[in-house]
Amino acid sequence: MRAVWYERTGAAPDVLSFGEMPTPVAGPGEVRVRLYASGVNPADAGRRAGSYRAMEYPLVIPNSDGAGIVDQVGDGVTRLHVGQRVWLYNGQRNGRAFGTAAEYIALAEQLVTPLPDELSFAAGATLGIPGMTAWCGLFGDGPVTGQTILVTGGAGAVGHYAVQMAKWGGARVIATVSSRLKAEQARLAGADLVIDYKNEDVIAGTMAFTGQRGVDRVVEVDFGGNIATTPKVMAMNSTIAVYATNGNRNPTVPMRELMEKCVAVRTLVLFALPQALLAAAQADISKWLAAGNRIHNIAAQFPLSETAQAHLAVEKGDKLGTVIVDCAR
């Protein structure tokens, strides 16, 4: 099969190779997927760059999300069948070296979910880690019906899905963004209030919107970067669900301020979450997709041979949506 890989970390054009690799075979409990689209997450680019940790394996096929068609099933597989359209997540994570920047991937069936016929493979490849993270950040502690949710980075890959899912779940939604274009994206997703944090007062706007009560839950893209703001907009007995903290990876946390409101800080990374919660996320995302038209933002698309350019597009930091690699080109 054609694939992209790296054997050392560094800049994408320097370390990513494109060529032929052995085609994987589905083992027990696994399915093999003929990939048509691969989604590039910031963490995929970060791992390849070496900013997360040293090389975990001698050779890595990058990218963790994707979509395609099941073309082989291993012993014991009961939930999926050959010919089924699917999306997947965590392809290159948690003990797996070979991700989705390839024509095929073989992985455990619990990481694979049926893809509705009306969705393109490119749209399916945006679901993976962004969609799963959005759902777990929102619903990891139960329903959000009647709550007020703050989604920081409401136009990002995770945030845009979190806004849409929160509205589907019956919540009022505040989204913070950093530009007019991103504000429009957050409004299209259904946000009831959009705040440009570069030009507007997030605390004042949030507290006014909630009648000075504060929000019930924050889906937080940058816990450290927002540490001076987020605690001040929390309601009593509320929750901050943290999935990233790139602005400050070692923040000083105002514990007394959080304690006085009984604020719970829930951190999450998908590969460490309980399997039952992840299965619930997949099932609920399928219901969410079936319940209406959803927005799947695709920032750019590149052929498999130009995966390095796809990684560079992610690293620029100005994308709206998910960068997709077309595995069939």
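Visitor: Which residue forms a salt bridge with Glu103, and how far apart are the closest N and O atoms?

Guide: Keep in mind that this is a predicted model. The partner of Glu103 is Arg34, with the closest N and O atoms 3.8 Å apart. That pair links distant parts of the chain: Glu103 sits in the loop between strand 5 (85-88) and strand 6 (104-108), while Arg34 belongs to strand 3, 69 residues away.

Visitor: Are Glu103 and Arg34 buried or exposed?

Guide: Both of them are buried. Together with Arg2 and Glu103, Arg34 is part of a network of salt bridges. Arg34 lies over the face of Tyr36 as well, at 4.9 Å from the ring centre.

Visitor: How many salt bridges does the structure hold?

Guide: There are 14. One of them joins Arg32 to Asp71, whose closest N and O atoms are 2.9 Å apart. Arg32 is in strand 3 (residues 30-40) and Asp71 in strand 4 (residues 65-73), so this pair ties together parts that are 39 residues apart in sequence.

Visitor: What does accessibility say about those two, Arg32 and Asp71?

Guide: Arg32 has a relative accessible area of 13%, so we call Arg32 buried. Asp71 comes out at 27%, which makes Asp71 partly exposed.

Visitor: Which side chain does Arg213 meet in a salt bridge?

Guide: That would be Asp216, at 2.7 Å from N to O. Arg213 is partly exposed, at 46% relative accessibility, and Asp216 is buried, with a relative accessible area of 16%.

Visitor: On to the rings. What describes a pair of aromatic rings?

Guide: You give the distance of the centres and the angle of the planes. The count here comes to four aromatic pairs. Take Trp135 and Phe139: their centres are 5.5 Å apart with 45 degrees between the planes, and the pair is tilted.

Visitor: Where do Trp135 and Phe139 lie in the chain?

Guide: Both are in helix 4 (residues 128-139), and because they are four residues apart, about one helical turn separates them. Trp135 and Phe139 are each buried. With Trp168 they form one aromatic cluster.

Visitor: What is the geometry of the pair formed by Tyr161 and Trp288?

Guide: That one is edge-to-face, with 5.6 Å centre to centre and 90 degrees between the planes. Tyr161 is in helix 5 (residues 157-168) and Trp288 in helix 9 (residues 275-290), so the pair ties together parts 127 residues apart in sequence. Tyr161 is buried, at a relative accessible area of 4%, and Trp288 is buried too, at 1% relative accessibility.

Visitor: Which ring does Arg85 lie over?

Guide: Arg85 lies over the face of Phe121, at 4.5 Å from the ring centre.

Visitor: Last topic, pockets. What shows where empty space is left?

Guide: You roll a probe the size of a water molecule over the atoms. In this model, the second largest pocket has a volume of about 180 Å³.

Visitor: How many residues line the second largest pocket, and which lie nearest its centre?

Guide: The lining has 13 residues, and those nearest the centre are Asn90, Asn94, Ala108, Gln110 and Leu111.

Definitions and conventions. Residues are numbered from 1 along each chain as its sequence is written. This is a predicted model: local features need pLDDT of at least 70, side-chain atom pairs count only at pLDDT 80 or more; totals for chains, interfaces and linings use all residues. Side-chain values use heavy atoms; hydrogens and water are left out. On a 1 Å grid over the protein atoms alone, a cavity is a set of points where a 1.4 Å probe fits but cannot get out, and a pocket is an open set with protein on both sides within 12 Å along at least five of seven lines; lining residues have an atom within 4 Å of a point. Grid points are joined across faces, edges and corners, and a volume is the space filled by probe spheres set on the points. A salt bridge is a side-chain nitrogen of Lys or Arg within 4 Å of a carboxyl oxygen of Asp or Glu. Helices (H or I, at least four residues) and strands (E, at least two) are DSSP runs, numbered from the N terminus. Buried means under 20% relative accessible area, exposed over 50%, partly exposed in between (1.4 Å probe, protein chains only). Rings of Phe, Tyr and Trp (its six-membered ring) pair if their centres lie within 6.5 Å; planes under 30 degrees apart count as stacked, over 60 as edge-to-face and the rest as tilted. A charge sits over a ring if NZ of Lys or CZ of Arg is within 6 Å of the ring centre and within 35 degrees of the ring normal.
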